[in-house]
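Trainee: I'm new to this one. Could you pick a single part and walk me through it closely?

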Amino acid sequence: MSLARFLKFTLRQSPRQNFEIFRKLDDAKWGKLVGVDELGNRYYYNPEERYGRERWCLPAASKNGLDASQVPPRWHSWLHRVTDEVPKATAAEDALAMQRPKWMAYPHYENYTGTRKANVTYNTMRPKVSAWDHSVADRL
């Protein structure tokens, strides 16, 4: 990052906002707040940035808890320029406004793999291979 870019970043916002953005993103970014999703992520737009970096998300989670699955699909499509329409406050309002299918109105939740909330399958089939019996048999 250039010195001019860093100075522009520090003068645009408060020191508290600068610290939060730099801590979570490891980059100096500023822009106009476009919206907030149901998980608390904040989405920004800065037309002065180069193409591909002008839309960005400031996650609500701490840096250790960041996961890409914490961005809902409707905001993901806006971030990646699939659509230019900014999503509404809730998923249900957004599905009605954009004539989207009903399944897109369900609330979004993050991927729980590796946590206590992960889906665990229950097997009802008998095992096809038996475990090895390590006991020693008496010789005759």
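Mentor: Let's start with Asp84, which is exposed at a relative accessible area of 55%; exposed means over 50%, buried under 20%, and partly exposed in between, using a 1.4 Å probe and protein chains only. Keep in mind that this is a predicted model, where local features need pLDDT of at least 70, side-chain atom pairs count only at pLDDT 80 or more, and totals for chains, interfaces and linings use all residues. Residues are numbered from 1 along each chain as its sequence is written, and side-chain values use heavy atoms, leaving out hydrogens and water.

Now, who does Asp84 meet? Its side chain forms a salt bridge with Arg55, 2.8 Å from N to O (the term means a side-chain nitrogen of Lys or Arg within 4 Å of a carboxyl oxygen of Asp or Glu). Arg55 sits in strand β3 and Asp84 in the loop between α3 and α4, so the pair ties together parts 29 residues apart in sequence. Helices (H or I, at least four residues) and strands (E, at least two) are DSSP runs, numbered from the N terminus.

Arg81 is partly exposed at 31% relative accessibility. Arg81 in turn bridges to Glu54, with the closest N and O atoms 2.6 Å apart. Glu54 lies in the loop between β2 and β3, so this pair ties together parts 27 residues apart in sequence. Glu54 is buried, at 5%.

Put together, Glu54, Arg55, Arg81 and Asp84 form a network of salt bridges.
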